[in-house]
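Here are some notes to read alongside the coordinates.

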Amino acid sequence: MADEMNPFQLAQAQFDQVAEQMGLDDAVRSILRWPLREFRFQLPVRMDDGSIKVFFGFRVQHNDARGPAKGGIRFAANETLDTVRALATWMTWKCAVADIPLGGAKGGVVVDPSSLSTSEKERLCREWMDAVWKNLGPRNDVPAPDVGTTAQMMGWMMDEYSKLHGEYVPGVITGKPLGGGGSEGRTAATGFGVVVTIREAMKHLGISSVGRTAAIQGFGNVAQHAALTFIEMLGGRVISISCWDRHEKVAYTYTKDDGIDPRFLQSITDQYGTVDKAQAQAAHYLIEDGNAWLSKDVDVLIPAAVEGAITEATVGRISPRVRILAEGANGPTTLEADAVLKGRSIFVIPDFLCNAGGVTCSYFEQVQNDMNYYWDESEVLTKLDQKMTSAFRAVLAMALEKGLYMRDAAYWVAIASVEKAMRLRGWV
Ligand code: NAD
């Protein structure tokens, strides 16, 4: 049952499907089905109480034919090597589809970051860098933040790398804090990019964006900025947001039919994305179970939290009114759910196209680090809008030309680009 596939099996199955359609030769398939390099290491960290706790860390470099490998570091209690492999693979496709000269990588640590103090987090970040720094670098592999990691953590990691390397190397990691080598616009970039692709999809479908409604899973970095941009750029209304309650260990959906105010919701959300239920209730938010967002009568659904959120069992709950499914999260739709979506009239913006805004802005950050010259936010977001728009249009053109489903078209564009780079470099 593919609903039970782990994320890497899903990534491979998606690749296999398109490789078959494309008639990709065996050598190219063999290289691209698996990561080029994988690192797994222990991270002994001195805790505040004086004890030593050993964590497990990973770094996986899936492919670097198009340029240095690139991808975030996740701190998550349920992190596995297969999750990291899948995310590294998707990064290769994401950088290729966004047409930025980078490959794909991902890293992680098995840890619940909310269980650590600030100083324990700093020691864990520095330890992670100590373990793998020889395999990283602006010309090799450039990490970034992801679930459970922050700009401050990237700052510590950059500092540790610079100390080990013997000189200031801001381009070794992106998503750094502003003033510490970070780029304007990076925090908003992924959510902003999600909404640029929604805007382009609406143009293609011939629907006006004003007054359109959305329901979002998640209220972290991607979801918060997607919500704000959906309202501010498109003139739309976000009516539901689903997120994890770390105290009760369960997800809730917060709904307000006349429109959620994301800034209010931000003001009652802690740094781990948990909303203060009592304050939400007092502000007349309807509080339902965590899956309720999926069955809302809206124009756009934006899963922007976790992988495997839409399964064969839940895909049928999507309202017939939904026109666009914008995958802000990585791998939110299982293979079976995707097969169901293919048969419906929902326009799917696949994850590695939809959420490519973050890595595109990370690339801009690296470019600015290299130049030692920094752009203002409007210049960054204008460049980001252009990149996301042209990426969307390239995939749509492929979909229309070959009669493909959008996800398959995105894979086709990405795989062809990586294959070309491998051939040009003489790998196959
Ligand atoms: P985050 O840690 O900031 O937020 C995660 C959110 O998901 C939180 O609001 C949490 O409450 C919610 N959540 C967790 N489990 C849930 C559940 N079962 N039901 C409902 N909500 C749940 O993470 P993020 O950076 O916003 O990333 C979200 C997704 O987007 C991930 O799949 C990530 O890999 C992907 N992504 C992130 C970026 C980026 O720049 N941050 C870029 C590309 C892709």
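1. Contact here means heavy atoms within 4.5 Å. Axes are lines fitted to C-alpha atoms, for helices over the stretch in contact, with angles from 0 to 180 degrees between N-to-C directions. Helices (H or I, at least four residues) and strands (E, at least two) are DSSP runs, numbered from the N terminus.

2. Before going further, please keep in mind that this is a predicted model, in which local features need pLDDT of at least 70 and side-chain atom pairs count only at pLDDT 80 or more, while totals for chains, interfaces and linings use all residues. Residues are numbered from 1 along each chain as its sequence is written, and side-chain values use heavy atoms, with hydrogens and water left out.

3. Now the sheet itself. Five strands make up an open sheet of mixed pairing, ordered S1-S2-S4-S3-S5. Strand S1 (37-46) and strand S5 (141-145) are the edge strands, each pairing on one side only. From one strand to the next, the twist averages 20 degrees. Two strands pair if DSSP finds at least two bridges between them; strand S3 (residues 69-76) and strand S4 (residues 103-110) run parallel and are joined by six bridges. Arg74 has Gly108 in S4 as its bridge partner.

4. The domain assignment, which is automatic or from a database, gives domain 1 (36-182) and domain 2 (187-354). Their centres, taken over C-alpha atoms, are 27 Å apart. Domain 1 brings 11 residues to the contact and domain 2 brings eight residues.

5. Which residues touch the most other members of the largest nonpolar core? Of its 73 residues, they are Trp93, Ile198, Phe230, Ile302, Ile324, Ile349 and Ile415. Helix H14 (residues 406-424) supplies the largest share of this core, 11 residues. The core lies between domain 1 (36-182) and domain 2 (187-354) because both give residues to it. A nonpolar core is a set of buried Ala, Val, Leu, Ile, Met, Phe, Trp, Tyr and Cys residues joined through side-chain atoms within 4.5 Å; buried means under 20% relative accessible area, exposed over 50%, and partly exposed in between (1.4 Å probe, protein chains only).

6. Not counting residues up to four places away in sequence, Ile198 touches Phe230, Leu234, Val300, Ile302, Ile324, Ala326 and Ile349. Another core, of 26 residues, lies apart from the largest one and has Ile73, Trp128, Leu136 and Val172 among its members.

7. Helix H1 (residues 7-22) deserves a look too. Its 16 residues reach 23 Å from first C-alpha to last, close to the 22 Å expected at 1.5 Å a residue, the expected span being 1.5 Å times one less than the number of residues. The buried residues of H1 include Phe8, Leu10, Phe15 and Met22. What do the buried residues of H1 pack against? They pack against helix H2 (26-33), H3, helix H10 (335-342) and H14.

8. Pro35, in the loop between H2 and S1, is buried at a relative accessible area of 13%. Beyond four places in sequence, Pro35 touches Phe8, Val60, Gln61, His62 and Arg85. Asp64, in the loop between S2 and S3, counts as buried at 17% relative accessibility. With residues up to four places away in sequence not counted, Asp64 touches Leu36, Arg37, Ala69, Gly103, Arg425 and Trp427.
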